[in-house]
Amino acid sequence: MDSSQQLPDEFIQLCQSVTAKRPKAVIDHILQYGFITTEDLKERYGYNHPPRAARDVRENGIPLETFRVTGSDGRRIAAYRFGDVSKARFSRLSGRTGLSKQIKDELIRRYGCKCFIYLEEVDERELQIDHRIPFEVDGEPDLEPENFMLLCGSANRAKSWSCEHCENWNNLKDKSICLSCYWAYPENYTHIAMRQVRRIDLLWEGDDVEIYERLKQQAVSLDKEIPEFVKEIIEREIERW
C-alpha cells in the first residue's frame, strides 16, 4: 500500500526534497511500502549498515521509528517507518543542504579542514557532519555548529559502530554519558562508549613518514606490533621523568 496517501502534502514535499542516494532510497521505499527492513537495506539496496541509512533520513528532518518484524529466515529483525510527522523539521531544515554547508563552513573556519577524531587534514569533500551526541540518545540538537563535528568516513564508521554497541545508546539514553565520551568530545573525555579506556591516534605525514618507517622496521625486528612498540617507548620515556 502507498503510505503517502495518509501523509500531509508538506511532509511529502519534504521527503521529495531529499536527493542524496542513501536516504532517498529509504524514504522512497517507505513511501511505497509503508516501512523498510534491515534485510531490504542490505539485500535490495546493498547498504550493510542500516542504522547509518536510517540516521541519514533523520538528519534530513524526517522522523523515523524502529520496530521489529520477522525476516525471511524467521528471525526478528529491525524495520523503519515514518514517526510522528508533526515532528518533521519543515521550516528549520527546508533547504537543509544550504544549512549543512553553513555549519560545515563554520566548523572548518573554527577548527580547520580536518577530522575531529583523527585530527587529519583532508579534502573538504571527504568530511561529513555528524552529531556530537547521537540522535538516538538526545534527539535533534539546536542547529548550532558546536553541537556537530566533522568526521572523515573511517572515523564516522568507527564512531557509529562503537555508539551502536554502547549500553547508553541501546538502553540508558543519558545525554550526560555522551557528553563525557571520546566520540563526542575527543579533546576532553573520561570514557569511550562507557569503557574505561583511553586512546591516541597518531599521524605521520610528509617528512615524518621516514620516522614511521624506522619505527616499523624496529618493531618488526623485535616481533612486535607498531602500537605496542610505540606505547613501550612512551612508557619508558615517562618513567625517566
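This is a predicted model: local features need pLDDT of at least 70, side-chain atom pairs count only at pLDDT 80 or more; totals for chains, interfaces and linings use all residues.
In general, the strands of a sheet pair through backbone hydrogen bonds, and can do so either parallel or antiparallel. Here β1 is joined to β3 (residues 76-82) by two bridges, and these strands run antiparallel. T37 has A79 as its bridge partner in β3. On the β2 side, seven bridges join β2 to β3, again running antiparallel, and T66 stands opposite Y80 in β3. The hairpin made by β2 and β3 has five residues between the strands, and in it G74 takes a positive phi near 90 degrees.

Zooming out for a moment, the protein chain contains twelve helices and five strands. Its C-alpha atoms fill a box of roughly 70 × 45 × 30 Å along the principal axes. The chain is divided into domain 1 (9-87), domain 2 (98-179) and domain 3 (207-240), and the C-alpha centres of domain 1 and domain 3 lie 46 Å apart. Of the 241 residues in the protein chain, 42% are buried. The accessible surface comes to about 14600 Å², and carbon and sulfur atoms account for 48% of that surface. As for who touches whom, take the contacts with a separation of 6 or more: residues 24 or more positions apart account for 54% of them.

Spanning residues 153-164, α8 has twelve residues and reaches 16 Å from its first C-alpha to its last, close to the 16 Å expected at 1.5 Å a residue. Its buried residues are G153, A155, N156, K159, S160, S162, C163 and E164. The buried residues of α8 pack against α4 (50-58), β4 (128-131), β5 (148-151) and α9 (167-172). S160, which is found in α8, counts as buried because its relative accessibility is 2%, under the 20% cut-off. Leaving aside residues up to four places away in sequence, S160 touches H49, R52 and R55.

Most residues other than glycine have a negative phi. L119 is not a glycine, yet has a positive phi of about 60 degrees. L119 sits in the loop between α6 (96-111) and β4, where L119 is exposed, with a relative accessible area of 53%. M194 is not a glycine either, and its phi is positive too, at about 70 degrees. This residue, M194, lies in the loop between α10 (175-179) and α11 (209-221), and with a relative accessible area of 37%, M194 is partly exposed.

Notes. Residues are numbered from 1 along each chain as its sequence is written. Side-chain values use heavy atoms; hydrogens and water are left out. Helices (H or I, at least four residues) and strands (E, at least two) are DSSP runs, numbered from the N terminus. The expected span of a helix is 1.5 Å times one less than its number of residues. Buried means under 20% relative accessible area, exposed over 50%, partly exposed in between (1.4 Å probe, protein chains only). Contact means heavy atoms within 4.5 Å. Domain bounds come from an automatic or database domain assignment. Two strands pair if DSSP finds at least two bridges between them. Accessible areas come from the Shrake-Rupley method with a 1.4 Å probe; for residues, only the protein chains shown count as cover.
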